[in-house]
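Dear colleague,

Please find the structure below. My notes on what was found in it follow.

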Amino acid sequence: MNNFEITIDGQPVTLQPGQTILDAARQIGIDIPTLCHLKECGPLTTCLVCLVKINGKLVPSCATQAAPGMVVESESEEVHEARRTALELLFSDHVGDCLSPCQRLCPLQLNIPAMLRQIESGAMAEAVATVRQALPLPAVLGRLCNHPCEQGCRRGAADDSADIRGLERFIADHDLRLTAPYLAPCRAATGKSVAIVGTGPAGLAAAYDLARQGHSVTIFDRHDRAGGSLRAVAESELPGEVLEAEITQLQRLGVEILLNVELGTRITLDTLKSDYDSVLLAVGDNGKAETEKLAVTLTVAGIKTDAITAQTSLPGVFAAGAAVKPVKQLVRAMTEGRGAAECVHRFLMSEPVRRSGKPFSSVMGKLDAAEVQLFLQTSSDKPRHVPCDACAGFNNGEASSEAARCLHCDCRSAGNCAFQHYAQVYDADPTRFRSARAPFEQQLQPGGVIFEPGKCILCGICVKLTEMAGEPLGLTFIGRGFDVRIAAPFDHTIEEGLQKIAAQCVKHCPTGALSMK
Amino acid sequence: MSDLAFIDETVTRIGSGPEALIPILQAVQDHYGYLPQEALRRVCEQTEITPAALEGVSTFYDMFRHKPVGESVVRVCRGTACHVSGAPRVEDALRRHLHIPEGDDTDRERKFTVEPVACLGCCTLAPVVKINETTLGHASAENVPEMIESYQEIRRSASAAPSTELASDDDGQEKPTIHVGLGSCCIAKGSDQLFHVLREAVQKASIAVEVKRVGCVGICHRTPMIEVVIPGKASTYYADLSAAEAPALVRRHFPAPGIFHRASRLWTRALDSLLMEPEPSVERNAMSPRDTEVHAFLGRQVHIATEHFGTVDPLDLEEYLARGGFSALRRVLNELQPEQVIDSIEKSGLRGRGGAGFPSATKWRIVHQQPGDEKFVVCNGDEGDPGAFMDRMILESFPFRVIEGMAIAAVATGAHECIFYIRHEYPLAVKRIRAALALLEARGWIGEKLLGLDYKLAFSIMEGAGAFVCGEETALIASIEGRRGMPKLRPPFPAVAGLWGRPTLINNVETLALVPWIIRNGAEKFAAIGTAKSKGTKVFALAGHIRRGGLIEVPMGTTLREIVEEIGGGVPEGRKFKAVQIGGPSGGCVPARLADTSVDYESLGGVGAIMGSGGLVVLDNSTCMVDMARYFLQFTQEQSCGKCTFCRVGTRRMLDILERLCAGKAEKKHLDELERLAIQVGAGSLCGLGKTAPNPVLTTLRYYRDEYEAHLHGHCPAGKCSALIEYRVTADCTGCTICAQRCPVDAIPLTPYRKHHINLDLCTRCDTCRQVCPANAIEVL
């Protein structure tokens, strides 16, 4: 048979005999999601998230051979709905968190468990990078944040939450003590410029993100010192030198700070609009008088902005923080600044203006005592370390030992998980079919393999791989129907079933069911 | 364990390849009662079977147990007919009576194991319980103690009972005969005992009467049933006969073998019986074929797959030949080209009787056109639909006919190997097919020379191990190959790449049973029966809330109403005909108002049901349609192979919502989600099981949405969902205390001569009180 052509969503693609629809789609860059697909295993057709529509019927693209003239529908609402449903059905039986509660609760999405593991292992440079890539002004947040992360920490169910904020401060202070503190990588210069009015938390946070995106950022403030409301914090809580050091960090990133500039006197909104590609108003609530003089529409609370685009009534002019509506918490103000910065960035890049949603995470909810106990197996049993007033935070040893209290309740595959990835892409609702949750289970194997059966989606890749590798015991499906599970035969452990190819099975597991310690 | 030698012998006997796995496990289980791990490890050591394959397979099929069983195993049928007739209550009552602890299936003393079984295929006797090898029909929650007692009695007395599977005693002469139906259902009602007593009576009387085992008579609701056939005279049927009545019957019809011969002895016996006991009257059991009931039942029927029903001995090869048996195959071998045979099948319009109605000739032709001569014909006897027993009956009653149909299919497609796949829940069907094959083999008619002619055709039997999904072609193939019965995406179709990757023709039992008739009588004659697109006849198992349940064969195009009201005599007195469940878990509920729907593939599809394999369960107004949908989802959920997401998780989530509804805990949004999900499970599932699993939900939503909505408000209109109903004693109570005595959970305090009260906190809604109350003083609210 000769090469032939089919179309996917109207796009023609030339194929060789024997190729599947999935092959065809990949050939022209259409990303059909798959979980159970691994070339060497052949089509397993278990997950069915790779559905496409042919001749009015939904079929798994991984197992459907292309035939000349086939007309395939892939990126339509109906097909997406079916794929989303498959993902949502799988999530209804998925026991485990992708992201730990602390990370989910952090408005700035700091990967807290990663930071803690880096501190525990003494990988200070990595910990600094983790922190600085997520947080603007971490030394400030490490002192003043109201730490919603700690309220969510699962360790709290056993004794006390980990001292996340204290460890964040420890890392930030450590960084600032270096001669050249860590500078987050910036993208190549875009040639676009942004004027930010106000150097409070929202303005500084926005400046940090926009600078890293490669834009040229100038911040104006009518005061003689940068920091806005942070300047009102008592010296004992936030020493001025710490704030200064963090502001210096921003300047090192290329942010220009122009002080003693009041909007309406030396410069006007109109001049900013004409001199810069975009303007962000982050004047805080002290700047009310200032805003009233501007031509932007106001509400009772402050500057009127669009809930999705953060844009004011003037095109290209954005607003954030307490200038829009009162913000009580520092971390929230920064989050607002970050959100507006994202909108500004998209505006500058001519992309649809919106802020991105939260990262996807499966959510386990409350753990029972036995489940907490399971997690405690892998963490330090020491009580929470409280640094003395005089010692100004942790020393290295204390930090490492406090970080070791983390339960590692985040998934080892988070960020590297096809299931999580496609759930995000397809905007799957993991709670759509929520019902009583099965208990969380974690089998720690002496050789380092970790099996978490609740995360297994029964894709069958490991079963097939063990069969092909001639594992002496291997893994198999046990039972039938909804209760099917994966196990080694005759009550052997998972690791006994994986004597030859454990690493390969861990690598190809599409979720976090199989992982390495 | 001491006797692992058994394993070694078994492996030697059965084989050591991967395909030997299921037969080996069946042998191990038969031997040890369960699958001891030590034995399984030994199997792996002695064969090519890997531990992973063994564990996967042994946990996939229902029949395999990994824990020891009690001395007796009580299997409670969960088929549709049994479900609507109260099987869940029987199961509860059995567990209580036999002291089975919660979460276990065997009592502490290991006397009894109670386990559910998907369907025993004795639907007209619903609810059915099988204790070891004995099937008991018409079980009810309150007769459980008697049932266990009577079983133990049977067991004590049965040790000496001879086997029913005797050779024919026909000597070829025309003489009066007594036909005794000996299908599984009949046996369950005691016809085997009747058969032996009759034979004994005839022998003792030394009269020239043949007592003949025949297959299913079809009139299952009146079994045990016999037909007395005297040459030149109209036959007489006797229904509901007991063994005790049999000798009197013999005497009535055949008073004396000869006036002089042995007269004295006979007279003495007659005198004896007059003196000893009053002659039981058998008159009340008699019915003539012109009897309106029999006539109504049989009148509309056309017997093709069940030709000669109730008159032929299933294992009498001579009789089969005398009635034209194997003449079709002989013609196919001697006179017709394979293409001509396939053309004939095409002209007849025959479509698959397994459910989907795929044109049989198309399948045959594809297999025929495949190159190579390693091809297979598989008879799909994995009749898994709860509420269906047509295939069992055909296999039990007409084994030679199915074999002939298969042989014709093999010759037409160029296959040289035929495999019967029969579910293990049908032991008699397996036994009869095996015996029929043995008779043919003894004659040299199968194997090297089919019918003694130049065609090689081997036959074998594979027993299923209890998995509904194995009725699906690709799962069935996986099962024959010794794997978990998990379906594969089609194409490739089995007709191109099936068993061991070779072209494989898979036809249902009934389809194959129709083939010899078509060849013998001509395609035109078959095509003349039925509708434009659905030709010939269809066999149905008519059961549920119906007066005359049984096995029927009707021309396509007969209406549901004709089946239910004319053949079946309608629903029981005082009830209202509500719906017909047709097509089992893949089918739907057709409401009574659409009862004029014609039975053909297209019309049934049009009302949301399917023809299915032939289960036809009639439902009256005591049936809750939400419960019905829940029942079927429970079934498909348990039977899902667990492979694809939509079926494995989707059916579970649908069941969650249905359980919520039945518990009165659902909201409107759940109902919307149920419908949305049902459509998606149907569209997204990999195989037919998942694709059709939502049908019972979708049809009930279509026709009975009001009942769903009532459940949203905590009301079950049929008074069936136990969480939504209450039992109350009315003013008619006479204080007789029967309910209090029979209540299995002591929820009714004993208050003689005073009105009783039910403690609703203790009450399990088992319905016993209502059933036993002589004053009808229990009401359901």
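In α17(A), the buried residues are Ile461(A), Cys462(A), Val463(A), Lys464(A), Leu465(A) and Thr466(A). Buried means that 20 or more other C-beta atoms, placed from the backbone, lie within 10 Å of the residue's own; helices (H or I, at least four residues) and strands (E, at least two) are DSSP runs, numbered from the N terminus. This is a predicted model, in which local features need pLDDT of at least 70 and side-chain atom pairs pLDDT 80 or more, while totals for chains, interfaces and linings use all residues. Residues are numbered from 1 along each chain as its sequence is written, and chains are lettered from A and ligands numbered from 1 in the order in which they are written.

The cover over the buried residues of α17(A) includes β13, β14 (485-487), α18 (494-497), α19 (502-508) and β15 (514-516) of chain A, together with α4 (51-58) of chain B. Just after α17(A), Gly470(A) has a positive phi of about 65 degrees.

**Where the chains meet**

Chain A contributes 33 residues to the contact and chain B 32 residues, two residues being in contact if their C-beta atoms lie within 7 Å. On the side of chain A that touches chain B, β4 (57-60), α2 (77-92), α17 (461-469) and β13 (476-478) each supply at least two residues, and α2(A) gives the most, with 6 residues.

**Chain B**

Chain B has 32 helices and 20 strands. Of its 781 residues, 55% count as buried. The C-alpha atoms of chain B fill a box of roughly 80 × 75 × 65 Å, taken along the principal axes.

With kind regards

Technical notes. A residue is buried if 20 or more other C-beta atoms lie within 10 Å of its own, exposed if 12 or fewer, and partly exposed in between; C-beta atoms are placed from the backbone.
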